[in-house]
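This report covers a single chain, its domains, its sheets and selected helices. Please look over the sequence and the structure before reading on.

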Amino acid sequence: MDEPNDDGGPVQVVRPTLAEVLLAVEELWPESLAEDWDAVGLVAGRPTSSIHKILFAVDPSLEVVQEALEWGADLIISHHPLMLRGVNSVAATSGKGRIVHELIEGGCALLTVHTNGDSAVGGVSDVLADALGLQEVRPLQAAQHGLPEEGIGRVGELPQAVQLGDFAALVFSVLPAVAGGVKVAGDRDALIRRIALCGGAGDSLLPAVQAANADVYITADLRHHPAIEAREGRTDGRPYLIDLSHFASEWLWLPAAAQALGNVLDDQGFEVELQVSQLNTDPWDFVLTPGEA
Ligand SMILES: [Zn+2]
């Protein structure tokens with residue numbers, strides 16, 4: 001497409017191909033940083049396709065694909081894989097099959113940036129650490145194949161000690177609003193400073209949180225037994241726990257990721273439109289608490 005420049009003459013707009021977008025993605029979130037069990041990379045799409053509009057989303061749900069197609073997107077970059085495990089069929093009789101059909105029939109590619117997006121500098125947990133003002137941030141668990149500053153989860157320090165209740169309010173304020181809100185285990189008035197966090201389901205990192213001597217651990221999908229065992233591990237009840245919506249804990253990365261990819265493509269002379277999905281794909285719709293039931 002040609003657009004007029006200041007002199008009224010045409011300016012050539014250069015769209016990248018999908019293959020060129022994949023190279024830019026690899027620069028930011030290398031596939032080598034993905035965990036061995038993960039399935040990242042291109043799920044659907046032709047490398048030779050021209051890319052004009054890219055939509056970022058946490059989940060490649062049918063609604064997200066429909067949102068992308070309505071906007072005219074040629075590529076969805078989703079955090080979660082559509083197919084983490086092998087499948088024998090993509091017939092449109094299954095949920096995942098319908099999504100694959102919508103994508104291909106709508107001319108939209110799908111790319112997964114999952115644990116490579118978690119591990120990378122500027123990744124999911126880094127963005128959350130940044131939003132909370134943490135300093136001296138380092139990975140909670142080093143990447144299997146990466147640099148020392150790359151890895152899953154982050155631990156860092158607040159500039160000064162604050163009360164757990166106030167800190168939880170800060171966490172709540174930086175995240176997108178979801179029905180489940182934010183759950184906290186710990187003494188509301190306790191002073192805390194060292195914060196460990198992991199976007200997404202992070203209870204497998206509890207031993208690393210304890211080794212890091214963190215006052216608080218922020219993650220999503222914390223299960224009953226690991227949570228209790230972690231808090232019984234020390235006599236002072238730490239780490240206190242802040243349990244987030246899985247979706248909300250990872251959503252914060254999307255605007256930062258879109259901006260980062262836009263910058264890389266812009267530096268290479270490409271023009272694309274980038275947008276973050278407006279859909280809330282958190283599965284929960286309402287909660288009852290003792291005060292309201
Ligand atoms: Zn996740």
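## Domains and their contact

The model is predicted. In it, 13 residues of domain 1 are in contact with 18 residues of domain 2. Helices α4 (115–119) and α10 each supply at least two residues of the side of domain 1 that touches domain 2. The largest share of that side comes from α10, with three residues. By class, the domain 1 side has eight nonpolar residues, three polar ones and two charged ones.

The domain assignment places 2–116 + 251–276 in domain 1. Domain 2 takes in 118–246. Between the C-alpha centres of the two domains lie 29 Å.

## The five-stranded sheet

Five strands make an open sheet. The order is β3-β6-β5-β4-β13, and the pairing is mixed. Strands β3 (41–44) and β13 (273–276) are the edges, and each pairs on one side only. On average, neighbouring strands of this sheet are turned by 25° against each other, direction ignored.

How many bridges hold β4 and β13 together, and in which sense do they pair? Four bridges join them, and the sense is parallel. Strand β4 covers residues 53–57. In this pair, K53 stands opposite E273 of β13.

Two helices are described here. Helix α2 (residues 62–71) lies across β4, β5 (75–78) and β13. Its direction is at about 155° to β4. Helix α10 (residues 253–267) lies across β4 and β13. Helix α10 runs at about 170° to β13.

## L254 in helix α10

Helix α10 holds L254. Is this residue buried or exposed? L254 counts as buried because it has 24 C-beta neighbours inside 10 Å, and the cut-off for buried is 20 or more.

L254 touches F56, V58 and V276, leaving aside residues up to four places away in sequence. L254 and A57 are 197 residues apart in sequence. In space, their C-alpha atoms are 6.7 Å apart.

## The six-stranded sheet

Six strands make another open sheet, again with mixed pairing. Its order is β7-β8-β10-β11-β12-β9. The edge strands are β7 (135–142) and β9, each pairing on one side only. From one strand to the next, the twist averages 25°.

Strands β9 and β12 run antiparallel and are joined by three bridges. V184 stands opposite I242 in β12. Helix α5 (residues 124–131) lies across β7, β8 and β10. Its direction is at about 145° to β10.

Which residues of helix α6 (residues 164–174) are buried? They are L164, F167, A168 and V171. These four lie on the same side of α6, because they cover an arc of only 100° around the axis. On the other side of α6, D166 and S173 are exposed.

What covers the buried residues of α6? The cover includes β8 (151–163), β9 (183–185), β10 (191–201), β11 (216–220) and β12 (240–244).

Definitions and conventions. Residues are numbered from 1 along each chain as its sequence is written. This is a predicted model: local features need pLDDT of at least 70, side-chain atom pairs count only at pLDDT 80 or more; totals for chains, interfaces and linings use all residues. Two strands pair if DSSP finds at least two bridges between them. Axes are lines fitted to C-alpha atoms, for helices over the stretch in contact, and angles run from 0 to 180 degrees between N-to-C directions. Two residues are in contact if their C-beta atoms, placed from the backbone, lie within 7 Å. Domain bounds come from an automatic or database domain assignment. Ala, Val, Leu, Ile, Met, Phe, Trp, Tyr, Cys and Pro count as nonpolar, Asp, Glu, Lys and Arg as charged, and the others, Gly among them, as polar. A residue is buried if 20 or more other C-beta atoms lie within 10 Å of its own, exposed if 12 or fewer, and partly exposed in between; C-beta atoms are placed from the backbone. The arc is that of the directions from the helix axis to the C-beta atoms.
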